[in-house]
Amino acid sequence: MNLHALRLFTKVAELNSVSKAAQALMISQPAVTIQIRNLEKELGLILLESKGRGITLTQSGAFLYKQAQRLFDLEIDIENKVEQLKNTGHEELQIASTHVPSHFLLPKLLAHFKQVYPTTHIHLKTANSQQVIEELLHYKADLAFIVKEDGHHPDIHYQFLMNLDYWFIVPYNHSLAGQTVSLSELMQQPFVTREDGSSTKEYLNALCKVHKIPPPKVGLQLDGINESIHAIAAGFGTMLAPSIAASRFIQQQQIARVFIKNIDIQRPVYLCTRKNEQPHSSSFNNFLHIIHETTS
């Protein structure tokens, strides 16, 4: 495959315009058009089609654009890692994680790792499940941690690590504190929910769908688990939270559990890596060894 033509196609797809891509790349518009036509001929696929005064990606074009983005992100990742080795002589490990592993599981693992391998530089990015998978797919992370039951990406390998209990919680003085109620009854309460892309929000909506009841009323939407639990402790709303995050607030009598008839929730934590990627760096393998040693 002509990588130069693929790069031109990627810029056209990114800007949704041949003329804008030509201007950005400082080459003529006919030159861009010829390269893309040659790429289509080489692949035997139609990548672009006219739409009004502009262009749009075909289904094949959209697929190729997505894969090309990952290819060029890998190129940037390689360049960055080579530069790190040249400048510092040390490897860097990029980790992406959803909020619960990032706040409550990884600090201990990372502290242990740094004690054993002090020269490895580590960067941890915390985001929701959708963003974390994108970071991994586009080589912005070497590995990732996620809490998610299903909807697994076909290009990602998911290694189960553990289950976490999840509880429904309310303010300590709430009328439902310590009570056992039906799921439909609890869903009448105003909820503190996470942002779109959060697996906890997806799980809660799926739970309601399975039990054929409307999803909860959103009283407050926050982007982090700690912020959400603090809102409950301050006296507002209901939420679904991991026990590992909520237990301290319960012990301090700031929040309380609500028990749901015939429902106990456990959610899996996965270590995520890109499929069919070998060999890995020594820092990557060393970190995997620490994880398996700690979680086994």
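## How the two helices meet

Helices α1 and α2 lie oblique to each other, because their packing angle is about 120° and angles from 65 to 115 degrees would be needed for roughly perpendicular, over 145 for roughly antiparallel. This is a predicted model. The two axes run 8 Å apart. The crossing of α1 and α2 is right-handed. Helix α2 covers residues 18–25.

## Helix α1

Helix α1 spans residues 3–15, 13 residues in total. From first C-alpha to last, α1 reaches 18 Å. That is close to the 18 Å expected at 1.5 Å a residue.

Which residues of α1 are buried? They are Ala5, Leu6, Leu8, Phe9, Thr10, Val12 and Ala13. In an α-helix, residues three or four places apart point the same way, because there are 3.6 residues a turn.

## The ends of α1

At the start of α1, Asn2 makes a contact through its side chain. A side-chain oxygen of Asn2 comes to within 3.0 Å of the backbone nitrogen of His4. After α1 comes Asn16. The phi of Asn16 is positive, near 60°.

## The β hairpin

Strand β1 holds residues 48–51, and strand β2 holds residues 54–57. The strands pair in the antiparallel sense, over four bridges.

Together β1 and β2 form a hairpin, with two residues between them. Gly52 sits in the turn and has a positive phi of about 65°. In a regular strand, side chains alternate between the two faces of the sheet.

Methods. Residues numbered from 1 in each chain as written. Predicted model: local features only at pLDDT ≥ 70, side-chain atom pairs only at ≥ 80, totals over all residues. Heavy atoms only, no water. Pairing = 2+ DSSP bridges. Expected span 1.5 Å × (residues − 1). Buried < 20%, exposed > 50% of the residue type's maximum accessible area, 1.4 Å probe, protein only. Polar contact = N/O pair within 3.5 Å; in protein donor to acceptor, adjacent residues only side chain to side chain. Axes fitted to C-alpha atoms, helices over the stretch in contact; angles between N-to-C directions. Parallel < 35°, antiparallel > 145°, perpendicular 65-115°, else oblique. Left-handed = near helix turned anticlockwise from the far one by under 90°.
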